[in-house]
Amino acid sequence: MNNSYHTVNPIIRIKENELLSKDTFEQLIQAPNFEKVAEILAPTVYGKYLGENFQYDFEKSLNQELVQTYGELIEIIPNPSLIWLYTMRYTIHNLKVLTKADKIKENYDYLFIPDGFFTIDELKAAIETGESSTLPVSVVKSIQEVRDYFEESRILQGIDVIYDRFYLSEQYHLAKSLKDEAILQAIVATIDLKNIMTTARCLLQKRSYAFMSAVISEYGSIDKELLLDFSTRPLSELIEFLLQSDYRDLIGPALSSEEIDFSRLSVLTDNYLTTILQVAQTQAFGPLPLLAFLNAKDIEVTNLRLIIVGKRSGFTKEAMYERMRTLYDL
């Protein structure tokens with residue numbers, strides 16, 4: 001697999017040069033108005049989206065930029081599944097919102113985020129009929145499981161539980177199929193961090209053992225039964241366990257003796273993936289540089305969205321700094 005990327009990675013290096021620098025983001029945050037923001041973005045790949053009052057449609061423009069990026073990469077890489085490994089998070093998001101929209105007869109199309117593979121019409125048709133000739137069998141099976149669940153229960157949260165369980169399972173098995181140990185380790189670590197966050201939320205919400213068993217994945221390196229053992233114990237004991245775990249240095253800044261800062265934990269989790277993939281910038285072969293670029297592009301779009309929405313909503317500069325994800329060193 002590694003040798004098959006020797007012609008792809010030089011293209012990835014070129015695309016990395018198009019990413020916005022830390023200095024550019026600093027200028028964007030400091031910009032006093034949207035006219036200045038437009039001036040800063042004009043010479044970048046985002047210049048083509050800067051029409052009149054661009055700030056009100058910029059989220060759609062960012063989605064368009066992602067679709068274009070995914071499409072270009074899918075055309076050149078040996079195994080497009082590698083891209084879906086990264087963009088599957090958006091597939092799951094889309095399944096959740098479109099399924100809920102179907103069940104409560106609302107229109108949530110505006111929440112759709114392109115994943116580079118499946119259109120909104122394909123997902124809607126599968127959700128409505130339980131069948132599809134274009135979606136992967138595993139995705140259709142998860143849709144069918146949700147349909148079966150909804151015949152027995154009308155609790156919308158069950159939709160999230162089923163799709164989240166499918167997501168972590170699919171991530172693990174897809175990573176294993178790629179036969180790259182570094183990718184598999186990164187996925188297992190992200191599952192661990194997702195399980196940690198889920199366990200903590202369940203304790204705060206006083207969820208049952210059965211509920212926790214349904215939402216905690218067995219594919220992390222932290223034994224599932226070990227996490228389930230905290231179902232009847234106070235949050236402070238989970239925090240004590242985490243502060244002695246292999247993840248203590250990573251998530252410690254989000255923990256106190258009695259509380260967890262979930263917003264901070266989410267940022268630290270995102271930054272951890274960036275740290276793992278940062279080393280890929282020095283690799284000439286293999287699929288990691290592609291994943292690193294996808295992550296860098298995603299961070300760039302996330303931070304741009306934050307800045308535009310933040311300035312539109314009157315956020316302070318300090319608030320934007322706190323929410324921004326760590327950028328790659330270019």
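Which residues form one aromatic cluster with Phe34? Phe54 and Phe58 do. Rings of Phe, Tyr and Trp (its six-membered ring) pair here if their centres lie within 6.5 Å; planes under 30 degrees apart are stacked, over 60 edge-to-face, and the rest tilted.

Some ground rules. This is a predicted model, where local features need pLDDT of at least 70, side-chain atom pairs count only at pLDDT 80 or more, and totals for chains, interfaces and linings use all residues. Numbering runs from 1 along each chain as its sequence is written, and side-chain values use heavy atoms, with hydrogens and water left out.

Back to the rings. The ring rule gives nine aromatic pairs. One of them is Tyr247 with Tyr272: centres 6.5 Å apart, planes at 80 degrees, so edge-to-face. Tyr247 lies in the loop between helix H12 (235–242) and helix H13 (248–251), and Tyr272 in helix H14 (262–278), so the pair ties together parts 25 residues apart in sequence. Helices are DSSP runs of H or I, at least four residues, numbered from the N terminus. Now burial. Buried means under 20% relative accessible area, exposed over 50%, partly exposed in between, with a 1.4 Å probe and protein chains only. Tyr247 is buried, at 10%. Tyr272 is partly exposed, at 24%.

Next, charges over rings. The rule: NZ of Lys or CZ of Arg within 6 Å of the ring centre and within 35 degrees of the ring normal. Arg207 puts its charged end over the ring of Phe211, 4.4 Å from the centre.

On to the cores. A nonpolar core is a set of buried Ala, Val, Leu, Ile, Met, Phe, Trp, Tyr and Cys residues joined through side-chain atoms within 4.5 Å. The largest has 81 residues, and Tyr46, Leu82, Leu85, Ile183, Leu290 and Leu291 touch the most other members. Helix H15 (288–313) gives the most to this core, 13 residues. Apart from it lies another core of 28 residues, including Val161 and Leu255.

Take Leu82. Contact means heavy atoms within 4.5 Å. Leaving aside neighbours within four places in sequence, Leu82 is in contact with Tyr5, Ile77, Leu178, Ile183, Pro287, Leu290 and Leu291.

Now Phe293, in helix H15. Phe293 is buried, at 3%. Beyond four places in sequence, Phe293 is in contact with Ile12, Lys15, Glu16, Leu19, Thr69 and Leu73. From Phe293 to Val161 is 30 Å, C-alpha to C-alpha, and 132 residues in sequence.

The pocket. On a 1 Å grid over the protein atoms alone, a pocket is an open set of points where a 1.4 Å probe fits, with protein on both sides within 12 Å along at least five of seven lines; lining residues have an atom within 4 Å of a point. The largest pocket holds about 1,400 Å³. Of its 39 lining residues, Arg89, Tyr90, Tyr167, Ser266 and Asp270 are the closest to its centre. Helix H5 (81–104), H8, H9, H14 and H15 each supply at least two lining residues. H15 has the largest share, nine.

Last, two backbone angles. Lys179 sits in the loop between helix H8 (157–177) and helix H9 (181–204). Phi of Lys179 is near 55 degrees, a positive value in a residue other than glycine. Lys179 is exposed, at 74%. Lys206 is in the loop between H9 and helix H10 (209–215). Phi of Lys206 is also near 55 degrees, and Lys206 is exposed, at 74%.

Note on methods. Grid points are joined across faces, edges and corners, and a volume is the space filled by probe spheres set on the points.
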